[in-house]
Amino acid sequence: MKFLLDDLYVYFPYSQVYPEQFSYMTQLKKALDAKGHAVLEMPSGTGKTITLLSFLTSYLLQTQPAVRKIIYCTRTVEEMEKVMEEANILYRCLLQEEGAVDGSFLCVGLASRKHLCLNEQVLAHSEGGFMVDSRCRSLTASWIREKAKSDPSIPRCSFYERLEQQMDEMIIPSGVYSIQELKRRGQQQGWCPYFYSRRMLAFANLIVYSYHYLLDPKVSQLVSRELPQDAIVVFDEAHNMDNVCIEALSVWLNKNTIEDANNAAMYLANRVLTAKGQSFAMLQHEYENLRGQTIHQMLTASHRLELSDWEIAQPSIHEVHQTLEETVPTSIRKAEHFIAYLQSLIAFFKSWIHRPEAWEITNTKFLQDFSAEYPVDVKSFRFTSDRLSLLLKTLEIGDWSRFRSLATVAEWITVASTYSSGFAVILEPFETKTNTWSPVLQLACLDASLAMMPVTRKFRNVIITSGTLSPLDFYPRMLNFRAAITASFNMSISRKCVLPLIVGMGVDRIPLTSKFNQRGEIQVPTSYGRILIDISKTVPDGVVGFFPSYEYMELVLNVWKENHLLEELQRSKLLFIETSDGVESSLALQHFRTACDVGRGAVFLSVARGKAAEGIDFDHHYGRCVVLFGMPFQYTESRELKARLRYLRQRFQIMENDFLVFDAMRQAAQCAGRVIRNKFDYGIMVFADRRYARFDKLTKLPRWILQFLSEEQIYIDMETAITKIKQFLLEMAQQALIK
């Protein structure tokens, strides 16, 4: 269908637009017209993705060249594929509308080599994304391919070779290119899907990829640097946006990483000695160039930079201090001097990581201490990662797997020296869970805005959206940008399809809470067990439970086992548990779904912030009820969290308790939202902790949950809750019969 919104024709692939979808588009248009950023909260299950794609694509098609690209960022590859499915539906709709697409329209999904590679040799000998990248590079680097011309025994990638041969005459047809479509076309044509998709970026109208391609400086400089400023950027499911930014700029070192880095540096020193004996001109040429060229000129020095060399040629960090326009410091221009500097750095890390006590200092103090012990030009720090890349390129090393730890050390010092504030250096000598000596030296980013700032400053529009963003004002404050529009929308309803309940009292009216200082009391875990048993007897099909942490889930399960509550529970439904092992959890989830499909019914227990809470939909019969056992507060004794809370208070005037409550409530809302994934679905949300009834917590739930929450559903006991659940299920069944 096509309808007019102000002066814009919107192409929508369905026959009906929900009121909240229309309101969402209206606010979106205001933000785009104002060339400003927006924070928009849309109810779960109301078609947020297709609303975004339809409106933004219509806007782009009718405002070109003012807007040239849409960049749609998702958290996971699975979410990316869902977006691509919706984009395909929209594309077919556009083709049916006369004049909607006058020229070509290209949508491409970009993923890593791990997801796109077709070369069996690469996949068979590679574990994890880094190994796939490294093996691919060893087959496709320009110097490897040049040597292979005179030595046929040197392996090459046939998919990449065929793509290179046909690159200049290649015509890219209009359409939607998902991961599966790219791989299918790659198999059909004999082309490499990864490098083919990279070539398509320049021509694509709609790009769908991971957050990290924009937020992680190691990746963004490789993929997103050439994107135009007049692009619209969308961060979907952005409720954990600040955490993604923090992780993108944080670096961890342990004793194994440091030891591996030391071995790699020794190997590199031997390679330099060998090169000086066999091909002195190679290193001498590098040195002479470094005297007169910037690091960017050196990295991209080629009359025709091939696709396979492009990632080697990209600077590692955003140009926060205009590093690209500076020449490499004299102290690390010569290869042997640079390696000596790396070895000094590794020795300093070794001395730090063997300290017996926990430690925390600023990144600037750490760099000062290093400079005092090992006299080094401090300017060298910011060039460490790029200088390492340049040296590996000069030595024509294709397989970088040996240098992974050394690259991590280089990244650590590069990031630490790039930013003057917003970081802490934290040494944790002992593993928190087992209290065994396992030291970790972390460069902890405390300021999420450092990763976000280059995005909000570069692009004309940045849209942050999710179903759980309340309170909306927190995100512009934490990420340090001004939002032109902030809006939250109710769910339009023809029936009451959500039943939220705040259960504050358990067995014998014992107050329910997961507060840390009350976890030794057996009554609360016992009450949680009775609640789950009663719900399992009442609610058909799937029930999902979320705990604040794995430790608390383990504690509660032990109480249930000792009191034979697990046996009683499993008489009603089968029980499956998410663990920290990804394979185990995937298998448990698969069996849980099977039990629901065959009508046996099942309970799936997980933790907030886990995989099930973030990326798994328990729609329809897989999730008729979700139970939150307590409030998912973070572990407040964490040194990293304490440092971040201090920084938030000093930098953004966000009080510690305000942030902790905000974070706990967004995680709770995210867990609760798993059970309602479309407007024809229905589900029950049980918040089993008396603290949810407090005003400061209650008001931080999303509007679309609060609209279903009445006074008589707040701070009730379990008997009352079961009565309301039975009544709700009866209403849903009657409405189903009427239909």
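Q: What covers the buried residues of helix H26?
A: Quick note: this is a predicted model, where local features need pLDDT of at least 70, side-chain atom pairs count only at pLDDT 80 or more, and totals for chains, interfaces and linings use all residues. Residues are numbered from 1 along each chain as its sequence is written, and side-chain values use heavy atoms, leaving out hydrogens and water. Helices (H or I, at least four residues) and strands (E, at least two) are DSSP runs numbered from the N terminus. The cover of H26's buried residues includes helix H24 (523-538), helix H25 (550-562), strand E17 (574-577) and strand E18 (602-607).

Q: Why do the buried residues of H26 line one face of the helix?
A: In H26 (residues 565-572), Leu-565, Leu-566, Glu-568 and Leu-569 are buried, meaning under 20% relative accessible area with a 1.4 Å probe, protein chains only. Looking down the H26 axis, the directions to the C-beta atoms of these buried residues put them on one face because they fall within an arc of 160°.

Q: Which residue in E12 stands opposite Phe-423?
A: Strand E11 (residues 423-430) and E12 pair antiparallel over 7 bridges; pairing takes at least two DSSP bridges. E12 (residues 437-445) is also joined to E9 (residues 251-254), antiparallel, by 4 bridges, with Trp-252 opposite Gln-442. As for Phe-423, the residue facing it in E12 is Cys-445.

How values were computed: Buried < 20%, exposed > 50% of the residue type's maximum accessible area, 1.4 Å probe, protein only. Contact = heavy atoms within 4.5 Å.
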